[in-house]
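Subject: Structure for you to look at

Hello,

Here is the structure I said I would pass on. Please open it first, then read the notes below.

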Amino acid sequence: MKPEVAKVVENELKRFAAELNLSDAQKTQLKTVLENAGERMDAIRQKHPDVSKPEVMSKLKEVRNSLRERVEKFLTPDQLAKWDAGIAKAKNFLGHTVTS
């Protein structure tokens, strides 16, 4: 994993661990999920530098959807609601639509 991706994963893990009050087991699971998604997104961006193309955006969306499906397996319903709110907030901040 690239150092930049590892740093992003570490920062996100710390933030979500605090916001969601994750157990140690959940922290480990989330770290694995975030690392995997980060690596996959990084590979897509390297292969397709123009991320504004619909086919590239679609591939990135697939990774995000896979990430969501994986966290559903180990987060509680309350944690999942907070996760969704955090993701929506990040998308709004970054100028993305929330309906993806």
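Does Val9 count as buried or exposed? This is a predicted model, and in it Val9 has a relative accessibility of 6%. The cut-off for buried is under 20%, so Val9 counts as buried. Val9 is part of helix α1.

Next, the loop. Asn21 sits between α1, which covers 3–20, and α2, which covers 24–47. With a relative accessible area of 64%, Asn21 is exposed, because the cut-off for that is over 50%. Asn21 also has a positive phi, about 55°, and it is not a glycine. As background, most residues other than glycine have a negative phi.

Then the helix pair. Helix α3 spans residues 54–72, and α2 packs with α3 at an angle of about 175°. The two axes are 10 Å apart. Angles over 145 degrees count as roughly antiparallel, so α2 is roughly antiparallel to α3.

To see where the two helices touch, start with these residues:

- On the α2 side, the contact includes Leu30, Val33, Leu34, Ala37, Arg40, Met41 and Ile44.
- On the α3 side, the residues include Val56, Lys59, Leu60, Val63, Leu67, Arg70 and Val71.

Sorted by class, the contact between α2 and α3 has 11 nonpolar, 3 polar and 4 charged residues.

Regards

Notes:
Residues are numbered from 1 along each chain as its sequence is written. This is a predicted model: local features need pLDDT of at least 70, side-chain atom pairs count only at pLDDT 80 or more; totals for chains, interfaces and linings use all residues. Side-chain values use heavy atoms; hydrogens and water are left out. Helices (H or I, at least four residues) and strands (E, at least two) are DSSP runs, numbered from the N terminus. Buried means under 20% relative accessible area, exposed over 50%, partly exposed in between (1.4 Å probe, protein chains only). Axes are lines fitted to C-alpha atoms, for helices over the stretch in contact, and angles run from 0 to 180 degrees between N-to-C directions. Angles under 35 degrees count as roughly parallel, over 145 as roughly antiparallel, 65 to 115 as roughly perpendicular and the rest as oblique. Contact means heavy atoms within 4.5 Å. Ala, Val, Leu, Ile, Met, Phe, Trp, Tyr, Cys and Pro count as nonpolar, Asp, Glu, Lys and Arg as charged, and the others, Gly among them, as polar.
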